[in-house]
Amino acid sequence: MSQELIERAKEHFGRLLEKQFERVARIKAEDEWIDYSQLKPIVIGILGGDGIGPYIAKESEWLLRELLKDEIASGKIEIRNIEGLTIERRAEVGKPIPDDVLEEVKKCHVTLKGPTTTPRKGDPWPNIESANVAMRKELDLFANVRPVRVPEQGIDWTFFRENTEDVYALGSDGIDIGDDISIDFRLVTQPGAERIARLAFDFAKKNGKKRVTIVTKANVVKTTDGRFLRACQEVAKDYPEIETDDWYIDIMTAKLVDEKRRRDFQVMILPNLYGDILTDEAAEFQGGVGTAGSANIGKRYAMFEAIHGSAPRMVKEGRAQYADPSSMIRAAAMLLSHIGYPELGKKLDMALDICGQYEKKLVMTGRPNGATSHQFAEYIMETLRDPKLEERHAAFQQQR
Ligand code: IPM
Ligand code: MG
């Protein structure tokens, strides 16, 4: 009996390996980075998602359309709505991304996505893979870039979370063997680790950062984290002007709360799951996951999203119009910088800082005693349009 189970498990493992050999070959054959300056139009797709998603997506889209009015008029940019990335549709077709939605997404160069509900055991939904994870895999969005800034505490971190490997790659491919044993698989590949490391070091170099920190648990998870660490250290050799160090995830988690040490960290590179966890902790310093944006970047496509969930309870209780759109608007700022409008992206970031962290003339509470999503988006727009935006931002920073 157990022999038969072992044989079946071996076959399963063999099939996974076949797929990974193909995938590694694809990564190695990857071509150049897309050049947005050559495109006309650059197509931006908006995906509402679930729960509060469509509400905050509407505000983000409104802001983008306002900011890009001239580019849209001249045909340099096109903004499209893509319907159907809902949990109802995904359950109906039994896929994390319905085929027609994926087809539309692939016609866009970049997308801005609202949160999507991820089913878990016990939910009324079938156990389909997370739409986020599927999108990252389908579009090969290998870098999850998550900035966290708290100027008054001297915090300016940029996390480079590997986005297509680790336990996420085979998260739906684990196996139950007999009644008593369950096994999941963790994957790290050489080209997969190298490409995230290269992007992080390039970012550090371009942005005048002096230090890059590699985060693993290579003392225990020796094979996969060991490879990840070695690959990053190899890439580091091409950047001798940057100081590189490595930390284990447990102590790293502690050091982020250490007031004396945390401001020394600048750029961090992490495998997928550690990156998922550490970036939620990091976002908390800045006001919580509702304030943080996230960029999922690949060579051909890029997707920008809020890092929080879809908050179905807010919708059920009739409070969706009070959802905080800041996180998705942060993502929109990252999108603008990424496609070649860094000045606009920077202004939007400053307006978000002023409205959400400093001035707080309107406050989001998620309830009728706070501002609505649209009022807050208008407040951001008004702030951004103020010719004194930069002075205002600098003044708030100095006050602290
Ligand atoms: C994130 C989220 C996702 C992840 C979930 C929704 C699958 O937590 O983007 O950080 O784990 O990557
Ligand atoms: Mg997360």
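User: How many residue pairs are in polar contact between domain 1 and domain 2, with both at pLDDT 80 or more?
Analyst: We're in a predicted model, where local features need pLDDT of at least 70, side-chain atom pairs count only at pLDDT 80 or more, and totals for chains, interfaces and linings use all residues. Residues are numbered from 1 along each chain as its sequence is written, chains are lettered from A and ligands numbered from 1 in the order written, and side-chain values use heavy atoms, with hydrogens and water left out. A polar contact is a pair of N or O atoms within 3.5 Å; within protein, one must be able to donate a hydrogen and the other to accept it, and residues adjacent in sequence count only if both atoms are side-chain atoms. By that rule, the number of pairs between the domains is five.

User: Which helix gives the largest share of the side of domain 1 that touches domain 2?
Analyst: Helices (H or I, at least four residues) and strands (E, at least two) are DSSP runs, numbered from the N terminus. α6 (131–138), β12 (302–306), α13 (326–338) and α14 (342–358) each bring at least two residues to that side. The largest share, five residues, comes from α13.

User: What area is buried between domain 1 and domain 2?
Analyst: Domain bounds come from an automatic or database domain assignment, which gives 32–141 + 298–400 for domain 1 and 143–293 for domain 2. Buried area is the accessible area (1.4 Å probe) that two parts lose on being put together, summed over both. Carbon and sulfur atoms give 52% of it, and the total is about 1,900 Å².

User: Which residue's side chain meets Asp140 in a salt bridge?
Analyst: Asp140 sits in the loop between α6 and β4 (143–150), and has a positive phi of about 50° although it isn't a glycine. A salt bridge needs a side-chain nitrogen of Lys or Arg within 4 Å of a carboxyl oxygen of Asp or Glu. Here the N to O distance is 2.9 Å, and the partner is Arg195.

User: Is Asp140 buried or exposed, or in between?
Analyst: Buried means under 20% relative accessible area, exposed over 50%, and partly exposed in between (1.4 Å probe, protein chains only). Asp140 comes out at 23%, so the label is partly exposed.
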